[in-house]
Amino acid sequence: MRLTGEALKNVFKRPFTQKYPKVKPIIPEGLRGRVEHDKNKCIYCGMCDKYCPSGAIEVEVGRAWRYDMGRCLFCSQCEEVCKYMVRKNAITMVMDFEHAERKKSRLITIHKKPKPEK
Amino acid sequence: MKEEKKMEKVKEERVTYSLPIGPQHPMYVEAENLNVYLDGETIVDVDINVGYLHRGIEELMQRRNYLQNIYLSERICGICSGIHSMTYCQCIENLLDVNIPERAKYIRTMVLELERLHSHFLFLGVVGYEIGMDTAFMYAWKDREFSMDMLEQVSGNRVNYAMPTVGGVRRDVPNHIIPSMLKKLNHLEKRTEYYRKVFLRDRTIIARTRGLGILPKKDVERFSIVGPVARASGLKIDVRRDTPYLKYDDLDWKVIVEKAEDSQSRVMVKVLEIFQSIKILRQCLKKLPSLDREIKTKVPLVIPKAEAIAITEAPRGELVYYAMSNGTDRPERMRIRTPSFVNIIYSLPIILKEQQLADLPAIVASIDPCFSCTDRMTLIDTKSGEKKTVDETYLKKLGERRLK
């Protein structure tokens, strides 16, 4: 490597790194981000629980849906199962990738089955 | 046997002291223990202790269903995660005896080659870093970002892509991202040409790699060493050519072989393989828009009793998956043979012999070890320190006991 030439070339270039928190990076479409659950569409069948590889989703069949982001692998298997096996589309992966929280308990989402309107 | 004893005696006379390197050592990110026997500064022999990263993945696989295992197999290795899940899926498809759609085959080939690109760039960076040439490290890892970006575009994730599923792939490659990918490939080709010059001619790199860590061809054949390490010693083996899978037999590429048998040839094989990967990727991207949109065939999730095997070429060499099903949704037995295991265990003692201690990091880096794939179980009696390797007779005995 001829370092002098390389160094001179790089002095006049823009930095390759990004100033992350101020400047947001460009995310390609289709990124697997946060798991979003629609409590009205869901039928609480527990198929996503059965196929979740890390046990991040736990379903009390017919009653409640619990999601622990701390255990999630973001593989979108739950989305696929809900879309193609159950055909309900209740789970979607949204393009949101900043999930840091100060408390572990805030990573957990619990959705209870809404009561039917009379 | 007599000769071995003689050698042992010579070794004992020569060794002045032994030096443990690892489990925690700045040389490597991963935990592994090398016990180096030295005569002054010259290495006489090396003992390799693996097992610090053993996670029992084969056993875990037998407790999960076929879909969950895709994501578990991906986590065997952080660098070559794609090839592990693809080989797993191929193995399960062989169990079921199904064919996957043409488009899925092309997408799988593409992801595998993109992964080879990023793994090889990572390797170039690591070699530069171990030699003490941090500029090469920074440059190679900067260019690695482009291949990671492409993977993110295609699969939606940078490291564990979760791209294949049993019976096809999970997402399609849209036509509008192809031009931007071709642009990135052009950039990478230009940069690789530059690295080819650097790793061939640079003074620092020649001083630390040329003529060091020699792995003779007859030893490669004797210990069945695989992948780029074998190819650098002049043995023309590549699973992609020998037993073609996916689309490799339809595409135009060639196996890279170097004859110098030293560290530098091992680096050069990987640099030249980057060109071949780019060539394959270009052909895949050209072919993709004209193919049928179907990416997945429907497969049953409960698999009747059968046995299957799948062999692929990972960035580091031959990868073998064996699966046995028992009529439920979980495998009865999974077995994985990773390339780094053979490459590390058998080649390290040969290539490190009679080298200087200061060259050890550079030589070990040149075989591109991946310790997390390597770990196996060794039984150690903690009281006497006696080691026992599980061999065939011991396993047979265990099996007999289980049958009773």
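Author: A residue is called buried if 20 or more other C-beta atoms lie within 10 Å of its own, exposed if 12 or fewer, and partly exposed in between, with C-beta atoms placed from the backbone. This is a predicted model, in which local features need pLDDT of at least 70, side-chain atom pairs count only at pLDDT 80 or more, and totals for chains, interfaces and linings use all residues. Residues are numbered from 1 along each chain as its sequence is written, while chains are lettered from A and ligands numbered from 1 in the order in which they are written.

Reader: Is A:Lys41 buried or exposed?

Author: A:Lys41 is found in the loop between β1 (35-37) and α2 (47-51) of chain A, where helices (H or I, at least four residues) and strands (E, at least two) are DSSP runs numbered from the N terminus. Because 12 other C-beta atoms lie within 10 Å of A:Lys41, the residue counts as exposed.

Reader: Leaving aside neighbours within four places in sequence, which residues is A:Lys41 in contact with?

Author: Two residues are in contact if their C-beta atoms, placed from the backbone, lie within 7 Å. With neighbours within four places in sequence left aside, the contacts of A:Lys41 are A:Lys88, A:Asn89 and A:Ala90.

Reader: What confidence does the predictor give chain B, as a mean pLDDT?

Author: The pLDDT is the predictor's confidence in each residue, from 0 to 100. In chain B, 92% of the residues reach 70 or more, and the mean pLDDT is 85.

Reader: Why can chain B be called as compact as a globular protein of its length?

Author: The secondary structure of chain B comes to 16 helices and 10 strands. The radius of gyration is taken over C-alpha atoms, and the globule rule is 2.2 Å times the number of residues to the power 0.38. For 404 residues that rule gives 22 Å, and chain B is as compact as a globular protein of that length because its radius of gyration is close to this, at 22 Å.

Reader: Which element gives the largest share of the side of domain 1 of chain B that touches domain 2 of chain B?

Author: Chain B is divided into domain 1 (2-52 + 343-403) and domain 2 (57-340), with bounds that come from an automatic or database domain assignment. The contact takes 20 residues from domain 1 of chain B and 29 residues from domain 2 of chain B. On the domain 1 side, the elements that give two or more residues are α13 (339-352), α14 (360-366) and α15 (371-374) of chain B. The largest share, six residues, comes from α13(B).

Reader: How many residues lie between β2(B) and β3(B) in their hairpin?

Author: Two strands pair if DSSP finds at least two bridges between them. Strand β1 (residues 17-21) of chain B pairs with strand β2 (residues 33-39) of chain B in the antiparallel sense over five bridges, and β2(B) pairs with strand β3 (residues 42-49) of chain B, again antiparallel, over seven bridges. In the second pairing, B:Leu34 stands opposite B:Ile48 in β3(B). The turn of the hairpin holds B:Gly40, with a positive phi of about 70 degrees, and the number of residues between β2(B) and β3(B) is two.

Reader: What ipTM does the predictor give the complex?

Author: The contact takes 14 residues from chain A and 16 residues from chain B. For the complex, the predictor gives a pTM of 0.87 and an ipTM of 0.86.
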